[in-house]
Amino acid sequence: MSNRLDTRFEALSRSGRKALVPFITMGDPDPEWMVDILHALVKSGSDVLELGVPFSDPAADGPVIQMASERAISRGVTLRSVVDAVATFRCRDPDTPVVLMGYLNPIERYGYAAFARDAARAGVDGILTVDCPPEEMKALRDCLDEQGIYPIFLVAPTTTSARLRFIAGQARGYLYYVSFKGITGANSLDRASLAGPLGEIRSCSDLPLAVGFGIKTAEDAAAVADLADAVVIGSALVEQVRNAVSCDDACERVMGFLAPIRHAMDNRD
Amino acid sequence: MSSEADQTILTTSEPDESGHFGPYGGSYVAETLMHALDELKEAYGRWRQDEEFMARLDSDLTYYVGRPSPLYFARRLTELAGGARILLKREDLNHTGAHKINNTVGQALLAHYMGKSRVIAETGAGQHGVASATVAARLGQSCVVYMGEVDIHRQAINVFRMRLLGAEVRSVTSGSKTLKDALNEAMRDWVSNIDDTYYIIGTVAGPHPYPVMVRDFNAVVGREACRQMMEQYDTLPDALVACVGGGSNAMGLFHPFIEDAPVKMFGVEAAGRGLSSGQHAASLCAGRPGVLHGCRSYLMDDDAGQIMHTHSVSAGLDYPGVGPEHAWLKDSGRAEYVAVTDQEALEAFHRLTRLEGILPALESSHAVAYGMKLAAEMKADQTLLVNLSGRGDKDVQTVAELENISL
């Protein structure tokens with residue numbers, strides 16, 4: 001079974017392009033706009049979509065994603081409705097890889113096997129559960145493997161060399177390096193601190209390497225694109241979308257925000 | 001009487017190496033914290049076997065906390081209940097007024113030995129926050145306490161106590177603005193300040209090794225109770241009763257008795273406005289297994305897996321999860337978990353105050369309420385031991401408001 005993540009990263013690698021990976025909190029500010037926003041992300045030059053599944057207790061997230069999650073939950077967004085939105089998105093977009101990012105308890109309640117089956121049917125390619133390290137993932141992993149869905153894992157500045165090798169052995173799709181010790185959206189990117197750890201990760205794994213947390217501007221994105229295969233932009237994008245007054249406005253904001261980032265990533269010296 | 005012998009950490013049942021009690025426990029945290037947990041596991045494993053560390057801990061428990069706490073025969077309460085003899089383990093007499101200090105003395109000392117200059121804590125009722133601020137003041141550590149906005153209002157006196165002790169109390173306004181949200185915020189702080197910060201979790205929940213460590217530091221309660229029973233009554237108690245929010249006072253009392261099969265154990269959760277009302281905090285009685293705050297255990301969530309807002313008159317029990325070892329004791333049948341309403345707890349609060357001249361915390365009042373019910377079903381020659389986990393001075397404002405009395 002081929003996974004869209006592999007296909008996409010192979011194509012990017014052949015063309016020498018770096019992946020733009022936007023993160024949005026699904027259902028914020030209006031659940032009705034979810035699918036249109038996903039298409040707008042793709043139209044803006046995104047290569048992989050990370051879709052945040054809102055959770056009531058997002059302990060690894062900063063205020064922007066916390067508030068977006070609270071708003072989405074209050075408007076009835078659930079893991080199930082996110083999976084449904086992916087299925088609808090897939091009717092018009094068969095190729096763009098989709099990764100669901102969130103916390104474990106909604107998947108617990110859905111049931112591992114049922115979730116993996118429904119997510120695969122909807123066209124989900126990867127799952128990133130922030131609060132589930134590979135050590136605790138075995139049962140879920142079995143269900144995901146059966147459906148060809150990749151588990152995506154984080155590597156942090158605090159990850160030791162031994163642990164990095166362990167995670168690299170477990171990971172599929174891509175490895176996601178968290179650029180600083182902190183919560184989403186908190187600090188600014190410290191570009192100088194990236195080269196060392198990224199080099200070490202490269203020496204342990206052939207998987208594409210994404211960097212996220214703290215990337216806010218086109219300049220940041222271009223700098224990260226020099227070192228990594230994929231650039232993840234989350235809180236800064238969520239902040240743009242949340243103030244939209246209509247679906248069209250939300251899509252325009254997405255495109256207006258991502259266009260210069262895409263441009264900067266593609267036109268590095 | 002050798003109190004110090006009781007204070008050495010001994011354990012009778014252990015989880016597996018990665019902190020699993022059967023299917024419960026474990027380490028469900030973001031990658032950035034994994035290394036910090038490994039460091040903590042290693043440090044705790046090392047210092048708990050270090051003579052100097054343990055001697056210092058024992059000495060602090062004796063001369064600073066004021067241990068051992070008495071085992072007190074509540075004669076008039078026993079007469080009213082009309083059954084088994086009711087004994088109270090007087091954790092309310094500890095320095096700062098609750099069992100919480102047993103744990104914070106241990107963890108702050110560990111932080112000190114690990115070279116961490118800053119400690120953070122979450123708090124619900126404020127007891128753990130006060131206990132953390134207290135030990136931090138004594139060790140010269142800077143201390144930040146996260147507390148839900150709702151709890152800050154209902155526990156104003158404890159907030160002021162923490163500030164007097166030099167701690168910074170940060171109001172948490174996300175989610176339900178109570179203990180669970182304070183825990184989220186403390187986790188976020190820890191992730192962001194991992195190099196110099198030690199997170200003092202106040203209950204037997206959270207990722208491994210916290211459930212084991214917090215239990216071990218509180219197990220002094222159970223060891224003392226066991227010895228005092230033998231000294232004062234020459235027998236073990238027939239039943240133990242303790243309130244359960246996260247479950248640290250109950251786990252501390254229960255743990256040394258786990259292998260004494262004839263000793264029955266009862267954990268008392270907060271039934272709030274009644275289990276059928278949905279407005280309660282009884283995760284073991286009315287919840288189901290899931291993952292929250294770093295561990296797998298029973299919790300209260302909706303069908304989409306979102307954690308629910310809980311309700312209890314007592315801020316310290318107002319938490320939607322519970323320690324994983326309790327989940328394991330429940331499933332294995334070794335302990336039984338029951339729930340007591342706000343109303344029943346308030347009645348017990350007044351009963352104990354008027355009959356024994358002891359003002360219990362609203363948390364502990366839940367244990368007293370169930371203890372009286374249970375004693376009535378037991379024989380007069382039997383003994384029931386209630387953990388009086390904290391004193392009620394912090395709750396007088398709440399009780400007055402509930403009874404429309406302006407102070």
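This is a predicted model: local features need pLDDT of at least 70, side-chain atom pairs count only at pLDDT 80 or more; totals for chains, interfaces and linings use all residues.

Mentor: Residues are numbered from 1 along each chain as its sequence is written, chains are lettered from A and ligands numbered from 1 in the order in which they are written, and side-chain values use heavy atoms, with hydrogens and water left out.

Trainee: What makes up the secondary structure of chain A?

Mentor: Chain A has 12 helices and 9 strands. Both are DSSP runs numbered from the N terminus: helices are H or I with at least four residues, and strands are E with at least two.

Trainee: Why is chain A called as compact as a globular protein of that length?

Mentor: The radius of gyration, taken over C-alpha atoms, is set against the globule rule, 2.2 Å times the number of residues to the power 0.38. For 269 residues the rule gives 18 Å, and chain A has 17 Å, which is close to it, so the chain is as compact as a globular protein of that length. The C-alpha atoms of chain A fill a box of roughly 45 × 40 × 35 Å along the principal axes.

Trainee: What makes α2(A) mostly covered?

Mentor: In α2(A), 7 of the 10 residues are buried. Buried means under 20% relative accessible area, exposed over 50%, and partly exposed in between (1.4 Å probe, protein chains only). Among the buried residues are A:Met34, A:Ile37 and A:Leu41. Their cover includes β1, β2 (49-52), α4 (79-92), α11 (235-242) and α12 (247-266) of chain A, where contact means heavy atoms within 4.5 Å. For chain A as a whole, buried residues make up 62% of the 269.

Trainee: Which peptide bonds are called cis, and on what value of omega?

Mentor: The bond joining A:Asp28 and A:Pro29 is cis, with omega about 0°; A:Pro29 is in the loop between β1 (19-25) and α2 (34-43) of chain A. The bond from B:Arg67 to B:Pro68 is also cis, with omega near 0°, and B:Pro68 is in the loop between α3 (51-65) and β3 (71-73) of chain B. Most peptide bonds are trans, and most residues other than glycine have a negative phi.

Trainee: Is B:Lys177 buried, partly exposed or exposed, and what is its phi?

Mentor: B:Lys177 has a relative accessible area of 26%, and therefore counts as partly exposed. Its phi is positive, about 60°, although B:Lys177 is not a glycine. B:Lys177 is in the loop between β7 (168-172) and α9 (179-192) of chain B.

Trainee: Why is B:Asn404 called exposed?

Mentor: The relative accessible area of B:Asn404 is 73%, so the residue is exposed. B:Asn404, which is not a glycine, likewise has a positive phi, near 55°, and lies in the segment after α17 (396-402) of chain B.

Trainee: How do you know that strand β5 (residues 118-123) of chain B and β8(B) pair?

Mentor: Two strands pair if DSSP finds at least two bridges between them. Here there are 4 bridges, in the parallel sense, and B:Ile120 has B:Tyr199 as its bridge partner in β8(B). From β8 (residues 197-200) of chain B, B:Thr197 and B:Tyr199 point one way and B:Tyr198 and B:Ile200 the other, and all are buried.
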